[in-house]
Amino acid sequence: MQFKGVIQMNVKFDKETKKALKAEKDKCTGCRICMKNCPMLEQYCISPKQLLSKIDEDSMVDPIIPFSCASCGYCTQVCPEEVNLNKVFLKLRMSIVEMNDGIPQSINNKAVKFHQKSSFSKLFTTKIMGLQDNQARRVFFPGCSLTAYSPKLVMRTYNYLRKKVPNVGIMVNCCGKPTYSMGDMNTFKKYYSTVQKTFNTSFIEEVIVACQNCYHTISENSPNQKVISLWEMIAEVGIPDDKVGKGCSIDAVFAIHDPCPTRKNSEIHDSVRKITQKLDLNIKEMEFSRESTLCCGSGGMIGVTNKELALKQMKKRVNQTDEAYILSYCQECVESMKQGGKKSVHLLDFLFNDDMYFTKKFFQKNINTYKKWSNRYIAKVKVEKIKT
């Protein structure tokens with residue numbers, strides 16, 4: 001049986017993965033509810049039950065199938081039986097890497113390897129700076145995407161946190177989520193161990209994260225540290241005084257896009273909306289939002305592994321609103337919305353990007369890859385100059 005869009009380049013996977021796959025296949029009734037808004041299922045199958053049954057029967061899979069899953073969790077969210085395709089496809093990725101001595105050449109992994117090797121190099125990372133020697137020890141972890149967009153925004157955010165939160169440091173590094181998403185667990189553990197070592201040696205108790213992927217990656221891999229979203233923190237301490245009500249003068253409506261990693265985190269959704277209310281922005285909820293949000297098109301690294309599919313999802317997502325502007329609180333999502341064809345902006349722009357108010361251009365400009373890496377280096381230098 002041939003599936004739509006599938007080129008047969010099958011590889012083996014292990015028995016444990018086959019067992020997990022079979023368990024989800026048996027739960028699936030073939031109702032197809034998940035297919036309407038899944039980025040990849042319609043391209044590769046008639047129904048997920050058919051797809052899982054075929055993979056189970058063959059005990060082999062074309063790598064493009066699991067490596068096209070956006071890992072967004074929408075399937076489980078809408079499934080009456082709570083079938084977890086995300087879990088199956090991630091386990092398939094992991095098994096493929098383990099059993100086939102790495103990610104198959106048919107899957108584009110060069111960009112991910114370069115990104116991760118560079119992201120964990122001394123050129124783009126710092127130790128924790130800005131801490132004082134007292135009991136409460138926190139660190140602001142801005143993440144890769146935000147740092148690549150604007151070192152100035154990162155530093156303004158950190159300086160505001162220092163005014164509002166006792167003894168908070170800052171650390172420029174990557175959480176390793178791209179490697180994790182690709183299923184390369186051994187390399188991920190090696191990378192993440194360096195992050196954990198930094199937390200431990202600085203006796204960090206709490207990690208404040210701006211990136212939603214960082215939120216879940218650090219929460220799941222650093223059990224001894226409390227992880228809190230930047231949005232919860234700002235909602236608690238309040239927005240800058242000069243930004244209260246600032247949005248009332250903006251003649252634009254912003255559709256709000258919730259990043260899919262926050263699907264189960266209603267406290268983050270609520271905090272973000274509390275911040276937009278304090279700003280007095282004209283916000284419009286998208287049809288699929290909060291726990292029912294849809295992937296921006298970059299989830300699961302499909303922007304690298306299946307660019308055509310990713311771009312299709314980006315365009316689909318932005319066209320689910322009639323508004324010209326889309327607001328998100330994930331820099332990767334902002335980038336995806338731009339690629340999809342809409343003007344998009346990050347929530348932090350409204351809080352700390354004074355230039356945006358001056359120019360009255362309430363959207364982000366495109367930044368090339370070279371500039372992004374240059375920004376990350378600039379951020380590293382700025383952070384290393386911080387004094388306690």
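Trainee: Why is Glu206 called buried?

Mentor: The model is predicted, and in it Glu206 has 11% relative accessibility. Buried means under 20%, so Glu206 counts as buried.

Trainee: What makes Glu206 and Lys226 a salt bridge?

Mentor: Their closest N and O atoms are 3.9 Å apart. The limit is 4 Å between a side-chain nitrogen of Lys or Arg and a carboxyl oxygen of Asp or Glu, so the pair qualifies as a salt bridge. The pair links distant parts of the chain: Glu206 is in strand E5 (residues 206-209) and Lys226 is in strand E6 (residues 226-229), 20 residues apart.

Trainee: How do you know that Glu335 and Lys372 form a salt bridge?

Mentor: The closest N and O atoms of Glu335 and Lys372 are 3.4 Å apart, and the limit is 4 Å. Glu335 belongs to helix H16 (residues 331-340) and Lys372 to helix H19 (residues 369-384), so this pair ties together parts that are 37 residues apart in sequence.

Trainee: What makes Lys22 and Asp26 a salt bridge?

Mentor: Their closest N and O atoms are 3.1 Å apart, and the limit is again 4 Å. Lys22 and Asp26 are four residues apart in helix H1, so about one helical turn separates them. An α-helix has 3.6 residues a turn, so residues three or four places apart point the same way.

Trainee: Why are Lys22 and Asp26 called partly exposed?

Mentor: Lys22 has 38% relative accessibility and Asp26 has a relative accessible area of 45%. Through shared partners, salt bridges join Lys18, Lys22, Lys25, Asp26 and Asp56 into one network. The structure holds 19 salt bridges.

Trainee: How do you know that the length of H1 is close to what is expected?

Mentor: Helix H1 (residues 15-27) has 13 residues and reaches 19 Å from its first C-alpha to its last. At 1.5 Å a residue, 18 Å is expected, and the value is close to that.

Trainee: Why are the buried residues of H1 said to be on the same side?

Mentor: The buried residues are Thr17, Ala20, Leu21, Glu24 and Lys25. They cover an arc of only 140° around the axis, which puts them on the same side of H1. On the other side, Lys15, Glu16 and Lys19 are exposed. What covers the buried residues of H1 includes helix H3 (48-58) and helix H5 (85-99).

Trainee: Why is Gln212 called buried?

Mentor: Gln212 has 2% relative accessibility, and the limit is under 20%, so Gln212 counts as buried. Its place is in helix H11 (residues 212-221). Among the residues that Gln212 touches are Ser229, Trp231, Pro259 and Tyr329, not counting residues up to four places away in sequence.

Trainee: How many aromatic pairs does the structure hold, and what makes the pair of Phe141 and Phe199 edge-to-face?

Mentor: The structure holds 13 aromatic pairs. The rings of Phe141 and Phe199 have centres 6.3 Å apart and planes at 70°. Rings pair if their centres lie within 6.5 Å, and planes over 60 degrees apart count as edge-to-face, so the pair is edge-to-face. Phe141 lies in strand E3 (residues 138-141) and Phe199 in helix H10 (residues 185-201), so parts 58 residues apart in sequence are tied together. Phe141 and Phe199 each have 0% relative accessibility and count as buried.

Trainee: What makes you say that the charged end of Lys246 sits over a ring?

Mentor: The charged end of Lys246 is 5.2 Å from the centre of the ring of Tyr357, and the distance limit is 6 Å. Tyr357 is also one of the residues in an aromatic cluster with Phe254, Tyr325, Phe350 and Phe362.

Trainee: Why is Phe203 called exposed?

Mentor: Phe203 has 61% relative accessibility, and exposed means over 50%, so the name holds. Phe203 is in the loop between H10 and E5, and its phi is near 55°, a positive value in a residue other than glycine.

Key. Residues numbered from 1 in each chain as written. Predicted model: local features only at pLDDT ≥ 70, side-chain atom pairs only at ≥ 80, totals over all residues. Heavy atoms only, no water. Helix = DSSP H or I, 4+ residues; strand = E, 2+ residues; numbered from the N terminus. Expected span 1.5 Å × (residues − 1). Buried < 20%, exposed > 50% of the residue type's maximum accessible area, 1.4 Å probe, protein only. Arc of directions from axis to C-beta. Contact = heavy atoms within 4.5 Å. Phe/Tyr/Trp six-rings, centres within 6.5 Å; stacked < 30°, edge-to-face > 60°. Lys NZ or Arg CZ within 6 Å of the ring centre and 35° of its normal.
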